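Colleague: Could you take a close look at one buried spot in this model for me, and then work outwards to whatever packs around rings elsewhere? I'd like the cut-offs spelled out as you go.

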Amino acid sequence: MVAKTLFEKLWDIHTVCNLADGVDLIYIDRIFLHERTGSISLVGLDEAGRKIPNPEKVFCTMDHIVDTYADRDDNTSMPDGRNFIETTRIKTQKAGIRLFDIGDNQQGIVHVISPEQGIILPGLTLVCPDSHTCTQGAFGALAWGIGSTETEQALATNVLRLEKPKSMLIRFEGTCSPGVTAKDIILHLIGKHTAFGGVGYVVEFSGEAIDELSMEGRMTLCNMSVEFGAFSGLIAVDQKTIDYVKGRQFAPKEELWEEALNSWKDLNSDHDATFDKEIVIDANVIKPTISWGTNPGQSISFYDPIPSPEDFQDSNLKSAAKKALSYMDLKAGDFLENLKIDAAFIGSCTNSRLSDLRRVSKILKHKKIAPHVRAICVPGSTEVKRKAEEEGIDKIFIDAGFEWRESGCSMCFFAGGESFGFEERVISSTNRNFEGRQGPKTRTHIASPETVAASAIAGHISIATKMDADQ
Amino acid sequence: MTGFKTVISLAVPLLRINVDTDTIIPSREMKQISKKGLSDGLFAGWRYLNEKNRILDPDFVLNDSRYQGSQILLSGDNFGCGSSREHAVWALHEYGFRVIIAPSFGSIFYKNCIRNGILPIRLQKNQIDKLVDNTITIELKSQKIDKNIDFDIAPADKNMLLLGLDDIDINLSYSNKIEEFEKSDRKRRPWAYLT
Ligand code: SF4
């Protein structure tokens, strides 16, 4: 038998047939929607008089527009948000789609709750009109973001017509130093290989450093595959994957579980499989990494100076660096350390799961954030929030001076509602540092939740020391 | 969607890399559950000095009087990266753009273009630089710019654009194959189905 990559196996399992000119008809197992872009697909289908034949495979959540204040309701700080919420509710109900609504204890950010509820499973295809759907590739599943019209297609026909992306292996040799997290690994990769290094590829992450990551760490890593430009990210299935999935609400049970285990055994790349491209990274050299510019490719180690436009050969990268320095109000050659911050944000589908909050709580315990800093924590799901509260983590955050919110996307992105201030500098556990992403002219530095917490305490950009984390 | 016609127009040079979809249409401009009414918010963060009052920034290239009515946009690597929002394409289309030329594109954005009557053309940077400030002719059928520069596009994408086909109808024409697949797949992967 010919050796295959994990990606090729997943592709073949889901190929209904080959159409002309390298296009394949690919079967879609699960579809996730949210009130911001999913609502448009549902309205579009309705207007066209199309039906959704298999609503049982479709799920929807309220995460993007809904407020994250306590006692929230359908009114939103985002202008006209209520319309999205109400329309989503009406349309999902009409179509028979399971909605995780406001007040539902399974509500949360789509890419957090899909794994949490066992909706994503190894070996499945899952699409969602949201680019960070690649998060779920951590389960050895092919999960990727699509547009709203493509979503209509998947909803109405259960298939998509696709050209097969190329495959890339990113192999991490050795293990990471203590204090280096999944977020640092992915920022390091994108910082070295640009925000478009992965365009056209499905990237598989492998190596000892990846084996060692928890499932939640793997999700953080895969979450930012799209920030690398990739079609999606993937990690092979191992015992950790299976242990995570077992017993979750929508995961198979009993006999079906046994059959599933059987088909998941093979969800890895054959050792002699060939990839279209390979990148090898020495995990030992990865340091806590932080973005300095306005795309995730503009990220550096905490210990390195901010680059100068002259450091880039490519004229595009050069002019991008120049613009970024000006937008971020930074000087080449300076260090990120000691850069005063105005706000700290822990949340988003990248880094707001229980393990993230647990690690941060160790750093925040018995500490106070700097008085000039506004700090906010938004748990990734209502369940994460509830479990954190059971462990008393909320108290630690609140005592340190953090706001403790209801779950949702919140200030990961600015949609006309809540935002960080004009030219405010924010250290953020999110995934995008684009201009204006968190507010008009807001300056975002993305980093691990540990770095966010340490910076909030210091009042300037700072990393957690071993002492902080061991307390 | 009507089929793609030959475009003859001056090209607007927005020669930056990594122009993301948040920039093309900021979230705050996506106010309605609709694919229409978005062109006003196109590049809002760059186009307006004062977004509220819609006071134009004269320094932004789209506001340059020479480029009014232009249907072609030139840009840098990774155009349309970031968020999957199809609004970016709807806004560009409504504004009047029919062709975007860049060395590379965000992959979701590229697909969204094909579905919405915009032709995304991948071209080397040095070739793009030569197109600046010229009135150029784009013919999809022959895959040529100004009759002499060839560009690549997948045949299926080309067909969709030329004929303005509907995705769902195309997929449904394979209904028999899909049903057959489901039947045997249910035996192979019973655990993957929720009913
Ligand atoms: S948390 Fe941020 S990145 Fe994640 S789905 Fe929500 S808006 Fe998108």
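Modeller: When I say contact, I mean heavy atoms within 4.5 Å. Housekeeping next: residues are numbered from 1 along each chain as its sequence is written, while chains are lettered from A and ligands numbered from 1 in the order in which they are written. This is a predicted model, so to speak of local features I need pLDDT of at least 70, side-chain atom pairs count only at pLDDT 80 or more, and totals for chains, interfaces and linings use all residues; side-chain values use heavy atoms, with hydrogens and water left out.

The spot I'd pick is B:F79, in the loop between β4 (72–75) and α3 (87–95) of chain B. Helices here are DSSP runs of H or I with at least four residues, strands are E runs of at least two, and both are numbered from the N terminus. B:F79 has 0% relative accessibility, so it counts as buried. The scale is this: buried is under 20% relative accessible area, exposed is over 50%, and partly exposed is in between, with a 1.4 Å probe and protein chains only.

What touches B:F79? Skipping neighbours within four places in sequence, its contacts are B:V19, B:I24, B:F43, B:L73, B:L92, B:I100, B:A102, B:S104, B:F105, B:G106 and B:F109. Go 100 residues along the chain to B:E179, though, and the C-alpha atoms are 38 Å apart.

Just after α4(B), B:G117 has a positive phi of about 75°.

B:P58 is exposed because its relative accessibility is 59%. Its C-alpha lies 8.5 Å from that of B:Y48, 10 residues away in sequence.

Now the rings. A pair of aromatic rings is described by the distance of the centres and the angle of the planes. Rings of Phe, Tyr and Trp (its six-membered ring) pair if their centres lie within 6.5 Å; planes under 30 degrees apart are stacked, over 60 edge-to-face, and the rest tilted. That rule gives 23 aromatic pairs over all chains. Take A:F59 and A:F250: edge-to-face, 5.0 Å centre to centre, with 70° between the planes. A:F59 is in strand β4 (58–61) of chain A and A:F250 in the loop between α9 (239–245) and α10 (254–264), so the pair ties together parts 191 residues apart in sequence. Both partners are buried, A:F59 at 2% and A:F250 at 18%. A:W257 and A:W264 are also edge-to-face, because their centres are 5.5 Å apart and their planes at 85°; A:W257 and A:W264 are buried too. Ring pairs also join A:F32, A:F59, A:F100 and A:F250 into a cluster.

A charge sits over a ring if NZ of Lys or CZ of Arg is within 6 Å of the ring centre and within 35 degrees of the ring normal. B:R16 does that over B:W46, 3.9 Å from the ring centre, and B:R189 over B:W191 at 5.8 Å.
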